[in-house]
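Work through the exercises below with the structure open. Try each task before reading its solution.

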Amino acid sequence: MHNEEPFGVHQYWKFKNNHSVGLFTDMNLYYDALAIAKNKGFINVYILEKNLLERVIGLKYIETFKKRAFQDLIRELNRFKLIYKDENDFYLTESGIKLLKIYEKSKEKYFDFLLDKMNSENGIPGWFINRLWTINPGGQGQVVVPSPIKSWKPGKQKWQDNQWNKELAIVSEETHIQINRRLPNSFPMNIETWISEVKKEYERLGKRKQRRVAKKDKEDEDKKMEFFAPRGRLTFAMKNVAVKFLFSNKYIANETNDFIANKKSDDPINSRTFMVWCPRLETFELLYYSDYFEEIPGRLIFPCSVFGTNKDLANFSLVHTIAAPSKELLFRHKPKWVQYKEEFIETLNECYQIIYNKEGIIYVSLQQVRDEVCRLLRISALTFEIFLETAFRESVQRKIEFSIALETDIREDQRSGFQIQRRPVFINNVPNSLIAIKQFI
Amino acid sequence: MSTLFRKPVPIEEKKNKYDTLEFKHNPFPVDPAVKPYSKDERENGSIYMTDLREEEIQQFNDIVLNSDSKINLLMDYAAYRGRGIGKTAFLNYLRKEINKDLGDTFTKGQQVLYAIYVNPGGEKKERKFSHLSRIIYQSIMNDKLLLITFCRLRANSGLIPNEILQGVTYDNLSETLGNDSWLIQNNIDLQKVDHQVETILNEHGVTFFKSVEPNLFEHSFINFKKVFSVENTELYWKNYGVDFVFSELVRLFKAADFSNIILLFDEAEKIIISQNFGERREFCDNLRYYFIDGSNENATSHFYKLIMTIHPNSQELLLTHWNAAGLDRFSVLGGEGANANTIFFRPLKDKKLAVLLAKEYLTRARTNISNVSDELFPFEEEALEKAIEICDGIPGKFLKLLYNAIEQSLSENWDKITANRIENIWKKIIEADPKPTTAKSEMLQTKTNLK
């Protein structure tokens with residue numbers, strides 16, 4: 001259709017359905033659900049609940065999903081036409097059977113298939129990458145969604161005590177300053193606007209209904225939460241403001257909307273779906289993100305893919321199904337080991353040395369090294385794993401000048417809080433979490 | 001002679017490179033850590049300047065000796081500055097000072113005390129309270145305490161005349177009161193004495209020896225020690241060991257008229273860090289049971305006084321369990337209330353004190369004391385002041401820096417060690433040591449350009 005549009009008319013990003021997305025991030029779930037459908041003849045929410053295997057996210061063992069996740073999963077499978085509805089149950093379609101076969105043959109093609117579906121249905125993946133490049137073209141698309149500076153550790157507060165105060169304003173300001181000092185232009189919102197928007201959002205969140213305490217027993221008294229954590233609320237407020245600013249239909253620097261919108265509020269993603277798209281697009285190797293860069297308060301996201309017309313195919317692979325309205329194609333950064341070996345090993349060692357010098361411990365967090373290597377080289381987590389595994393093997397064979405030691409042990413600080421949900425580095429299918437590097441003498 | 005049977009050259013005969021400075025050896029310790037049983041006075045803690053720690057000694061008096069608090073803490077005041085600040089040296093000083101006259105000077109003759117230094121190994125095996133009891137027991141057995149107890153029991157029998165007791169000193173106990181033939185030589189009726197001791201023990205409820213050995217004192221102190229040597233098996237300690245230490249031994253020491261035994265428990269974090277959640281809770285519960293309100297001799301008579309050195313980070317680990325066990329009502333771990341039971345250890349503030357400390361080390365190493373015109377030679381006073389300043393007031397680091405300075409002054413033939421030189425040495429140490437680098441204002445630039 002858009003081929004016939006006259007030159008000069010703004011071209012929108014296309015999508016078939018709507019922007020809504022299931023609130024789950026594990027891309028293997030589609031396969032698992034389809035396999036159950038094949039096995040049992042059909043699926044429904046109840047069957048998925050009973051049969052989907054428990055799994056591990058990061059280092060955390062997830063026993064069951066919320067019912068909502070199964071409903072979402074079925075809705076998406078249906079929308080992708082992998083299953084169809086007959087009365088209250090769902091049956092495999094031809095395309096569903098095909099996807100099962102694809103998965104068994106090549107995981108990469110399975111992911112490409114899903115990426116294609118998501119892109120044409122929701123319109124998000126290609127657009128998301130493009131938006132990152134729009135926000136910070138000079139910084140190679142790296143963007144930060146802020147959260148309060150790490151040194152701020154307030155206690156809990158009475159629920160009613162929801163006034164904005166000077167401390168919160170200072171934290172918001174300092175967060176903005178730190179991000180832009182360390183990675184200029186990665187969060188290009190005006191600082192005054194930022195503080196006032198965060199204030200508004202924080203106060204709005206404070207006016208919500210008081211949450212209830214989860215009952216352990218049916219007979220327990222119905223109680224309202226007495227306290228709340230200011231850090232949690234401020235984090236949430238910052239995320240809402242930042243996502244709205246960065247990923248709204250019309251970006252501040254653009255003249256028009258990216259998508260045809262019916263309503264003014266029809267933004268492609270909100271802070272909730274943002275949390276879903278980051279890990280999904282990471283699985284598809286289109287971007288990399290981490291909440292754990294020591295110097296950055298917030299989530300740093302950068303693309304490992306770029307739109308262009310023609311790219312050197314030794315270092316890039318074409319994502320066949322995604323194109324921008326400008327007709328530019330999407331290319332994944334997928335360098336080959338032979339050409340990239342030296343650069344990778346040099347960067348790996350450099351990043352290790354920086355952390356080692358800072359901490360003085362020989363074994364340092366592998367995830368921390370990965371974050372920085374991927375950021376400097378703009379490679380995906382999967383490429384990092386493949387390269388590290390190769391480097392490790394070559395180190396054993398003394399084909400490179402460094403001795404690399406990997407450990408599966410988990411240090412105390414890697415076990416606490418959200419760290420446990422952090423993606424581990426899989427080498428030979430084993431999650432590793434510590435690394436030491438030394439030059440052979 | 002065959003090289004096979006060659007003997008090593010004694011250290012004294014080797015050429016002493018410190019001769020040029022008129023030192024016996026490098027005046028400062030190569031590893032600035034206290035090794036309580038080492039023979040080298042640079043490392044065994046015998047060079048100790050009480051002036052440096054007057055404040056802490058006063059706190060010890062107030063908190064431990066002159067109060068009823070049973071569990072006390074010794075903590076670094078500044079977080080994570082722990083190593084080398086002098087806690088072990090301080091405990092070691094307390095141990096020596098208390099034990100030399102059984103607390104006579106410390107308590108102005110009021111109490112009879114003995115201090116035991118307890119230090120868990122680093123193997124992370126010791127995680128339970130029974131393990132701690134075993135370490136306490138082993139420290140008691142390795143110390144002189146049992147011999148002193150035995151001799152005090154004999155002396156308290158009332159059957160040995162004062163004139164004879166006058167000849168007994170701290171150092172000759174095993175040859176005098178602990179030695180049967182010495183008593184016989186002095187015309188003492190050994191049997192009567194031993195019988196009286198047995199009566200005293202009975203009166204105090206010490207029952208342990210009865211089950212083990214009917215003729216308790218047949219073979220003198222060696223036998224006595226053997227009686228109180230218990231099995232060293234995990235099973236014994238799990239089932240009986242804790243009670244043995246916290247009831248039986250307490251009764252024994254009380255029979256010998258000790259007012260209190262002070263347990264100087266160093267490096268408590270070694271135990272705490274290796275514990276899991278459940279073990280920490282259990283550990284705190286046991287601390288309360290055995291030190292404060294359980295049904296055992298120690299808790300009822302408030303006999304052992306515990307001082308735990310603890311690092312701020314292990315304090316965090318322990319805090320919830322500590323409070324859950326209700327220990328916070330008796331001994332506060334952290335926060336405002338901690339002052340009542342915590343000796344805070346601060347870095348040295350006064351530079352002059354550090355200079356005095358260095359002078360003491362220098363003097364002890366000099367070959368010819370009378371001939372010295374400058375007591376700080378080869379250091380200049382400003383150099384020593386500079387040194388303590390750049391070491392953040394931590395004596396351990398300070399001594400190590402001075403050690404390095406002496407070595408370097410010899411290899412480079414310096415006539416004086418100046419403040420400038422100290423600074424240069426420090427810079428070299430820092431360069432060799434990985435140190436936190438201050439965060440750059442901007443992160444490293446991306447290497448790959450995808451566009």
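**Exercise 1.** Which residues touch the most other members of the largest nonpolar core?

Solution. Note that this model is predicted. Begin with the core itself: the largest one holds 107 residues. Within this core, B:Y114, B:I116, B:L263 and B:L264 touch the most other members. Next, find the main contributor. Helix α10 of chain B, residues 234-255, supplies the largest share, eight residues. Then look for a further core. A second, separate one has 100 residues, among them A:L29, A:I43, A:Y110 and A:I179.

**Exercise 2.** List the contacts of B:L264, leaving aside neighbours within four places in sequence.

Solution. Take contact as C-beta atoms within 7 Å. B:L264 then meets B:L91, B:L94 and B:R95, among others. Its contacts also include B:A115, B:I116, B:Y117 and B:V118.

**Exercise 3.** Work out the strand order of the open sheet in chain A, and explain why β13 and β14 each have a side without a neighbour.

Solution. Three strands of chain A line up as β13-β17-β14, with antiparallel pairing. β13 (364-365) and β14 (402-407) are the edge strands; each has a single partner strand, so one side of each lacks a neighbour in the sheet. Now check one pair. β14(A) and β17 (residues 434-439) of chain A are joined over six bridges, in the antiparallel sense. In this pair, A:E407 lies opposite A:L434 of β17(A).

**Exercise 4.** How many residues of chain B are in contact with chain A?

Solution. Count each side. Chain B brings 14 residues, which contact 16 residues of chain A. Then sort the chain B side: six are nonpolar, five polar and three charged.

Note on methods. Residues numbered from 1 in each chain as written. Chains lettered and ligands numbered in written order. Predicted model: local features only at pLDDT ≥ 70, side-chain atom pairs only at ≥ 80, totals over all residues. Pairing = 2+ DSSP bridges. Helix = DSSP H or I, 4+ residues; strand = E, 2+ residues; numbered from the N terminus. Contact = placed C-beta atoms within 7 Å. Nonpolar A, V, L, I, M, F, W, Y, C, P; charged D, E, K, R; others polar. Core = buried A, V, L, I, M, F, W, Y, C linked by C-beta atoms within 7 Å. Buried ≥ 20, exposed ≤ 12 C-beta atoms within 10 Å, placed from the backbone.
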